[in-house]
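Trainee: I would like to learn how to read ring pairs and strand pairs in a model. Can we work through one case?

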Amino acid sequence: NTSDHKLEFGVSNIYYDLDRGDIEPFGEESNKSFVKFGKESGLENAVYLSDEFSPLSNLTVLAGIRYSFFSQLGPASVNQYLPDQPRTSKSITGVKEFNEGKVVKSYSGPEYRMAINYILGSGSSVKASYNRMQQYIFMLSNTIAISPDDKWKLCDYHISPPVANQVSVGYYRSIQDGAVKASLELYHKWINGQVEYKDGIDFASPDPVETMILQGKQRVNGLEIMINKNAGKVTGWFSYCYSRSFVRVDDVNPGNQINYGLEYPSNYDRPHSINLVMNYRINRRLSVSSNVVYTTGRPVTSPVSVYYSEGQELLLFSKRNEYRIPDYARLDLSVNLEGSLFRKKPIHSFWMVNLYNVLGRRNAYSVYFDSYNGKVRGHKLSIFGVPLLTISWNYKFGNYLND
């Protein structure tokens, strides 16, 4: 740390020991088969350097670079496939074995970071940033199952690390000597190597993971508005976010396409998100709080018709993530009653009464479908679809001041 620059540097080391779990049949009457997803291990090393400096009195710059290395470690049995062909169980040409601790596949690359803060004066500033990140562990996710099925996965011989880049710019304003703060931020994110499930695969299948996934490109655009009031009897904050997230997995070979190579909403595409938190302090010991949450329903792939093949009834699904579950909305209320507020009291206690989901909305956690008498039926699965009342008595140890 010098008078003009603040330097930070270091190294990091992460060892991954991932157990992807098993599927076991529940009882003798279960129609499920035992599936073992196996274990994976990997090693991530990195070196990083950053410098924070102020070329002008009202300008601060933070620049940094991180270079990361990742190695998939054995033991591992790696399938070999026909070149320039979709990876399927039928295109396997052989298996390559790696002993415990041996390097199966390695990846590396630079990760950049840049942030600029320019003070305009009168409590306002403009900030801009860019960062790049390589992701060596990620979550495979689908939205077709009754309970969305998520599985952690490491990069391996066939799956390269997704590389994410993000730029953002924002305007920040402090009003009434900091009692009210407001901000407006725009961002754009693009990812190369985004990992997605293929259409129509069985998520509980014992088939190799690389035969069930493909990698494509993802783009995200968003706008965030936030207002925060932290002084007075009424405090709280309001935020609104508009964000769109799309994925495209395209290839000259139709077997390596998803959604016919067309762009589709990602599983996390929720255009509108609103949060409102308010706290009203009635007196020094009693306060009331409320919380309002609203988000657009997440995308799902839904069946659109029933057809028959060789006497077997089958469902025909829509394009990837063409529909959405209903929007999510919830109101929570709470009352906080403090005990005596003596400054030198060694133990302070307070009561909290919380009412979750005051309106009793049956917000859909997921939507699933079945076929009955040749008709497709839709079902909504709700969690905590009724108001929930909780009462707690809490303790704090040590002295604290309460104005």
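The dialogue below takes up aromatic pairs, charges over rings and one hairpin.

Mentor: Keep in mind that this is a predicted model. We can start with the rings.

Trainee: What describes a pair of aromatic rings?

Mentor: Two values do: the distance of the centres and the angle of the planes. In this structure there are 6 aromatic pairs. Take F70 and Y136: their ring centres are 5.0 Å apart and their planes meet at 10 degrees, so this pair is stacked, the cut-off being under 30 degrees.

Trainee: Where in the chain do F70 and Y136 lie?

Mentor: F70 belongs to strand β5 (residues 59–73), while Y136 is in the loop between β9 (124–134) and β10 (137–141). The two are 66 residues apart, and the pair links distant parts of the chain.

Trainee: Are F70 and Y136 buried or exposed?

Mentor: Both F70 and Y136 are buried. They also form one aromatic cluster together with Y16.

Trainee: How is the pair of W351 and W393 arranged?

Mentor: W351 and W393 are stacked, with 5.2 Å from centre to centre and 5 degrees between the planes. W351 is in strand β24 (residues 347–356) and W393 is in strand β27 (residues 388–397), so their pair ties together parts 42 residues apart in sequence.

Trainee: Which charged residues sit over a ring?

Mentor: K127 has its charged end over the ring of Y172, 4.7 Å from the centre of that ring. R320 lies over the face of Y264, 5.3 Å from the ring centre.

Trainee: Now the strands. In which sense do β20 and β21 pair?

Mentor: Strand β20 (residues 303–309) and strand β21 (residues 312–317) are antiparallel, paired over 6 bridges. At one place in this pairing, P303 stands opposite F317 in β21. The two strands make a hairpin with 2 residues between them, and E310 in the turn has a positive phi of about 55 degrees.

Trainee: What is V304 in contact with, leaving aside its neighbours within four places in sequence?

Mentor: V304, which is in strand β20, is in contact with L316, F317, S318 and Y323. Its C-alpha atom is 9.6 Å from that of K319, a residue 15 places away along the chain. V304 counts as partly exposed because its relative accessibility is 44%.

Technical notes
Residues numbered from 1 in each chain as written. Predicted model: local features only at pLDDT ≥ 70, side-chain atom pairs only at ≥ 80, totals over all residues. Heavy atoms only, no water. Pairing = 2+ DSSP bridges. Helix = DSSP H or I, 4+ residues; strand = E, 2+ residues; numbered from the N terminus. Phe/Tyr/Trp six-rings, centres within 6.5 Å; stacked < 30°, edge-to-face > 60°. Buried < 20%, exposed > 50% of the residue type's maximum accessible area, 1.4 Å probe, protein only. Lys NZ or Arg CZ within 6 Å of the ring centre and 35° of its normal. Contact = heavy atoms within 4.5 Å.
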